[in-house]
Amino acid sequence: MSTLTLLSEKNKAEVLPLPEGKRRLSRQEIYILIQNRNISSDADWQNVFVSKEPGEFNAAQIIQSEFSGTVILGAIRPATLKYHDLELPTGVYRSVLHNVTVGDDCVINNVSYLDNYRLGNRVMLFNIQEMSCTCHSKFGEGILKEGEPEANRIWIGVGNENGNRSVLAFTDMIPADAYLWSRYREDKLLMQRFVELTEADNDGKNNTFGIVEDDAVIKNCTLLKDAKIGSFAYIKGAFKLKNITVLSSEQEPSQIGEGVELVNGIMGYGSRVFYQAVAVRFVIGRNCQLKYGARLLNSILGDNSTVSCCELLNNLIFPFHEQHHNSSFLIAATIMGQSNIASAATIGSNHNSRSPDGEMIAGRGFWPGLCSDFKYDSRFASFVLVAKGSYQYELNIGYPFSLVTEGAEGEGIHIIPAYWFMYNMFAIVRNKFKFADRDKRITKVQHIETNPLAPDTMQEVLAAVSRLIELTGRYLKLPSAACDSATVQNPRPDFLEQSRDRAIHAHGEDELHQIAKDYLHQNGDAQFLLTDDRCQKKHGAVIYHPAQAYREYRRILKYFAVETLMQWTLENQTDELCKEHIEQIGKVPLYTKWINAGGQIIPEDKVFELFTEIKIGQIKNWQQVHDFYNKCQSNYVDYVARYALYILEWLYDLPYASFSKAVYEDISKDVAYVSLNMLDSSIVSREKDYTDFFRSITFRSKEEREAVLGALEDNSFLKQLRAATDEFNSILEKLFRKLR
């Protein structure tokens, strides 16, 4: 039912002293305003304040408008504001203002209702039906005002549909914050402290007002309610913007386009939301795009991501996520960045449970094929490529950089570990460059590791190598008939029989582990199949090319270690490692477990250190949490260099202090091979576009093809890669020179 309020009560302005730099209207100005068909709720116009500077208020530039409550106007001078093709005179025209403060040289034209807002300078408001703000607005943050019950708090239900991973939005939230909040749910005190951090700067008073900062443009919109709009934002044709913050600046302007609905959320700097996109209970990071009818609900989208034509519900998505096909579908997932969801992938629609509490977590580089669907719960290591298929049972893919395909009905899935290194090295190399190039953020609050070879992926490689050794031990212990059935090609049958005999008579798991490791190490051309019962529920998985995967994994571990040590030398302004350098790195704390926190790779021990500081009250707000991330990042090169030495020790089963000249030569040899293989594989992969028959059938001539594709020798990426490879190999020649 409507509530009747007498105008004498509603429009009664608060009796204020003169605001600084303002004055009340003169009789002549009041006369001009009335002549221009303007109306004030105060017959004497005592509720309107204007600039006291001479020449900064022209009453003739206010036409057919209504004023109520307290209205404070900035400079209104004969001038126009122009944005693109829209050019309008400054002033107030055919608009209704209630309790509004306006900056200098603004345009308020055809705004049917403007209530409780403060406008910056040079703001353009044109053709807006309603723009209002309540006194208890939170602008998308998960805070409460005085007298509000806990039920009023707006939670974002990321990662799971049951809401038990929910987080609270705040203006400066980044995926790292959301990830740590959503994953460590068993720590009740930590969860309580996270709420307190979010409330830290909230005074709780019911005295909020809407904000539009300098140089923002808002036109042809239906409803803006409880909105905070940053400077240089451009909003056109939006349908509904309610309880939101739009972060924007001159360096990183944000845009909102036609038909957009944004409710209960925060939009990051430099982001763009267009063409009937909808977001409800959300945080959108920096330099993101949401467009073409995309729906983002109860989700957090990391920086540098693009989403269009699809639906995302209850997700936590790290930076560099791509999903732009009309039939894509993603629910109840934590996707850890640098991901690409193919068309018709229905991820999240199938549960092996009667309750909607299943979920999925996928490491960096997750790439499901066309029309893929999965049963929940599922987990994927980093850079897993899943071929098109309907996967009927839960998946647990622990092999990074692998290819996963369906098996025949009633069989396990098929996995090729290290697939990217054996058959698609071009993609790995290109990823390393392309993500760094696509990072258009001016201010980088969320640290993002863009190199596919980093501590988070290398710890997965170490685990995968150990698993291959374990499964190979099982293979060697199989009965003769079963072993023969699992053997595809064996160039050293005598060595196989010898290894099988040793495995069968091994004393304990450690001895069996060493026998299997020796077999993989010395028989790299063997072709046999392994069975991993952990990879898929019920039927498990068949592992292809394990010996080759073992070899490639070991090579890439060495490459990572050397690349990391090169980065350390660069930071320490040297190009050669000496014994003293190795000793210096060895004194750095060793961290062997790493967390991908929203894109930043942090040692797990440091995360627990952060939690302790939060729980004891040493860290009191989210800015201090971000300062902790920054401190971790400033030490990242040292931490990773120490981890690199640990990996080399693990590979050679020797302490780094005992490395001989032969060890360093072996490291250099394998790393040089990987470096050249990266370049050669990339060139061969790109050459296919020019030499493959079927890649040429749509062109009339070689000249037309080159006009469309460009000449191979002009490819900018290959030029960049050649230069980077030459530089890498040059540094490699010198890196261990003093240690050999």
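This is a predicted model: local features need pLDDT of at least 70, side-chain atom pairs count only at pLDDT 80 or more; totals for chains, interfaces and linings use all residues.

Me: Which ring does Tyr 652 pair with, and what's the geometry?

Reply: Tyr 652 pairs with Phe 659, edge-to-face, at 6.0 Å centre to centre and 65 degrees between the planes. Phe 659 counts as buried too, at 10% relative accessibility.

Me: How many aromatic pairs are there?

Reply: The structure holds 36. One of them is Phe 320 with Phe 435: the centres are 5.0 Å apart and the planes are at 55 degrees, so that pair is tilted.

Me: Where do Phe 320 and Phe 435 lie?

Reply: Phe 320 is in the loop between β26 and β27, and Phe 435 is in helix α6, so the pair ties together parts 115 residues apart in sequence. Phe 320 is buried at 3%, and Phe 435 is buried at 5%.

Me: And what sits over the ring of Phe 495?

Reply: The charged end of Arg 492, 4.3 Å from the ring centre. Arg 555 lies over the face of Tyr 673, at 4.0 Å from the ring centre.

Me: OK, switching to strands. What's the order in the open sheet of 6 strands?

Reply: β32-β35-β37-β38-β42-β41, with mixed pairing. β32 and β41 are at the edges with a single partner strand each, so one side of each has no neighbour in the sheet.

Me: How is β41 joined to β42?

Reply: By 3 bridges, and the two strands run antiparallel. Asp 532 stands opposite Ala 541 in β42.

Me: Which helix lies across β41 and β42?

Reply: Helix α7, residues 455-476, running at about 120 degrees to β41.

Conventions
Residues are numbered from 1 along each chain as its sequence is written. Side-chain values use heavy atoms; hydrogens and water are left out. Two strands pair if DSSP finds at least two bridges between them. Helices (H or I, at least four residues) and strands (E, at least two) are DSSP runs, numbered from the N terminus. Contact means heavy atoms within 4.5 Å. Axes are lines fitted to C-alpha atoms, for helices over the stretch in contact, and angles run from 0 to 180 degrees between N-to-C directions. Rings of Phe, Tyr and Trp (its six-membered ring) pair if their centres lie within 6.5 Å; planes under 30 degrees apart count as stacked, over 60 as edge-to-face and the rest as tilted. Buried means under 20% relative accessible area, exposed over 50%, partly exposed in between (1.4 Å probe, protein chains only). A charge sits over a ring if NZ of Lys or CZ of Arg is within 6 Å of the ring centre and within 35 degrees of the ring normal.
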